[in-house]
Amino acid sequence: MNLASHYTYFVTILLLMVGLFIVIARSNLIKKLVGLGLFQTAVYLLYIAPGKLIGGVAPIIGEGFDVYSNPLPHVLILTAIVVGVATLALGLALVVRIKEAYGSIEEEEILERDAADELNATDRA
Amino acid sequence: MLKQHLPILLVIVPLITAPLIVLLRRPLLSWMAAMLASVVTLIIAIPLLQQAVDQGVISYAIGTWPAPLGIEYRVDAANAFVALIVALMAVFVMPYCRTGIAAEVRSEEHYLFYAMMMLCLAGLLGILLTGDAFNLFVFLEISSLATYVLIAMGRDRRALVASYQYLLMGTIGATLYVIGIGLLYLQTGTLNLADLAQRLPVMGDVRATLAALAFITVGISLKIALFPLHLWLPNAYAYSPSAVSAFLAATATKVSIYVLMRYFFTIFGETVVFDARYTGTLLLALSLAAMFIPAVVAIFQKDVKRLLAYSSVSQIGYITLGISLSSVGGLTAAVAHLFNHALTKGGMFLILGGVVLRYGGASLERMAGLGRTMPIAAFAFVLGGLSLIGIPGTAGFISKWYLVTAAMEEGQWWLAGAVMLSSLLAVIYVWRFVEVAYFREPPEGSPSRGEAPLSMLLPGLAMIAACLWFGLDATWSGSMARAAAEALAGAWK
């Protein structure tokens, strides 16, 4: 196996891991979404890179072009990008609402406040 | 003429209704549109199932582009049966929403609520019917995004955090699934599921196939809430509006379970997934863990909604246990439990929703004396609980019976004991409710509350009644589960 010819996979895996690490390790809700975005975007590379041929053009029949790139991965990823944007938008909207409700976007502080609420509730009962 | 378009209509009807509701805006009008669309999907799902059982496989080419290049909808007894369950649950939940949602969602947001319910329904039905791996991902995200919004509509601010956490985990799951199908596509050059099923065995035992199997399994398991990937589920069910808890508990995880079964048995094939490696053993171990650990956690919950949520994780363990046996008997048990548990848990959440409306919360402490203040609701809830335990005469018993029979056919006698033991845990958490509701006095000076409005009570009662019906006469549900299992186990031709 030639490592150099597979470098796109290594880049993909690296980006995936970086994204996933941010989601797990950061407590800031916005930063988590940044990590999630990176994680999703890395997958685009997994699809697109193998679809591209060096010297290949868009698959439109024309004189002088006989090497074409595979258009299907591009189309798929276009859909995946839309999904990614929708997810990110919804995630950010949720963070705005969380900030309004809790006054914080740090996961630990939010969990602390919930725990405090629960303690109060049992005290009252 | 219309008959051949049933597969696409099933998805299109709720999908079109969603933007229509946004245009209608008025709460009553949007509810009527959503109700109508749900009834229409059920009317479509019934003949579709009949057709699938009679014909075997129905293939529908979207836009008449033939498969494998075009997107194909492929319907057989398995997905038509699960689609019927989903449509049925929508029809049960919708009448409940009219009054049930009024207390939990601001009236100017009602139309958005119904639009999201319709999108969620369309997404779930799309996942079931599509025969295209990438199309499945798109529908998965449509239903998931709608679900995140629905959960966030809960009154409690913790609903927002629950929704956010589910968004993170759900997106990771869906992305893992995309990686999996990406690997499959790179190897085979096709995304059509039936085509994949034919090309994969030719590839032989390639490591990339196994990597794809691993990614898809973990990704979908996150959506199933298979133990230990269930962490998003309890909060999501506990803080979302009651109608949403009922609908999700009855459908969302079930649809993902169907996807897992489809990939395991139809696409990768039993030999790759079970015979050649330890997937079966691993799934068996996780299912057993799911049957016991969340059931124990459920016993210690103070909030009845959370208790039911943990019980759901535990019940999912029974379904995956059926899958891990990798026999037609095991699959029958899995599909039967999928149906029976959807009825039971959906009904219990709906009944509980009425109680929450009257009591202003789902904490167990507040429900002291419920058997006296809301006798019908308390009794129906206990009947649902009996089905969770698996008492003979309830639907839960039927699926556990199938499960134990399937385990014995495989020579795994000890599994029967495990199922019994885990049912004992269910006895404990159901008993906690019985004790509070029937053996404690209602607190002094509490206002007389009375039953929930009929429109909220009836759908729940209907589901619990269905759960008893299918416990006494399992001919139809059993034969459907059997047909679905055979369709899953057989090659998809």
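Which residues in α14(B) meet which residues in α19(B)? Point 4 returns to this contact.

1. Basis of the note. This is a predicted model, in which local features need pLDDT of at least 70 and side-chain atom pairs count only at pLDDT 80 or more, while totals for chains, interfaces and linings use all residues. Residues are numbered from 1 along each chain as its sequence is written, and chains are lettered from A and ligands numbered from 1 in the order in which they are written.

2. Chain A. The chain has four helices and zero strands, in the order α-α-α-α from the N terminus; helices (H or I, at least four residues) and strands (E, at least two) are DSSP runs, numbered from the N terminus. Its radius of gyration is 22 Å, whereas a compact globule of 125 residues would have one near 14 Å. That radius is taken over C-alpha atoms, and the globule rule is 2.2 Å times the number of residues to the power 0.38. The C-alpha trace of chain A spans about 80 × 30 × 20 Å along its principal axes. Of the 125 residues, 22% count as buried, that is, with 20 or more other C-beta atoms within 10 Å of their own; exposed denotes 12 or fewer, and partly exposed lies in between, with C-beta atoms placed from the backbone. Among contacts in chain A with a separation of 6 or more, 44% involve residues 24 or more positions apart. Two residues are in contact if their C-beta atoms, placed from the backbone, lie within 7 Å.

3. Chain B. This chain contains 20 helices and two strands. Its radius of gyration is 21 Å, close to the 23 Å from the globule rule for 493 residues, so chain B is as compact as a globular protein of that length. The C-alpha trace of chain B spans about 75 × 55 × 40 Å along its principal axes. Buried residues make up 65% of the 493 residues. Of the contacts in chain B between residues at least 6 apart in sequence, 80% join residues at least 24 apart.

4. The α14(B)–α19(B) pair. Helix α14 (residues 328–359) and helix α19 (residues 454–472) of chain B pack at an angle of about 150°, with their axes 8 Å apart. Axes are lines fitted to C-alpha atoms, for helices over the stretch in contact, and angles run from 0 to 180 degrees between N-to-C directions. The two helices are therefore roughly antiparallel to each other, a term for angles over 145 degrees. On the α14(B) side, the contact comprises N340(B), L343(B), T344(B), G346(B), G347(B), L350(B), I351(B), G353(B), G354(B) and L357(B). These meet M456(B), L457(B), P459(B), G460(B), M463(B), I464(B), A466(B), C467(B) and F470(B) in α19(B).

5. The A–B interface. In this interface, 26 residues of chain A are in contact with 23 residues of chain B. On the chain A side, α2 (29–51), α3 (71–102) and α4 (107–124) are the elements that give two or more residues. The largest share, 13 residues, comes from α3(A).

6. L364(B). This residue is found in the loop between α14 and α15 (370–373) of chain B. L364(B) counts as partly exposed because it has 19 C-beta neighbours inside 10 Å. Not counting residues up to four places away in sequence, L364(B) touches K302(B), D303(B), V304(B), R432(B) and V436(B).

Conventions. Parallel < 35°, antiparallel > 145°, perpendicular 65-115°, else oblique.
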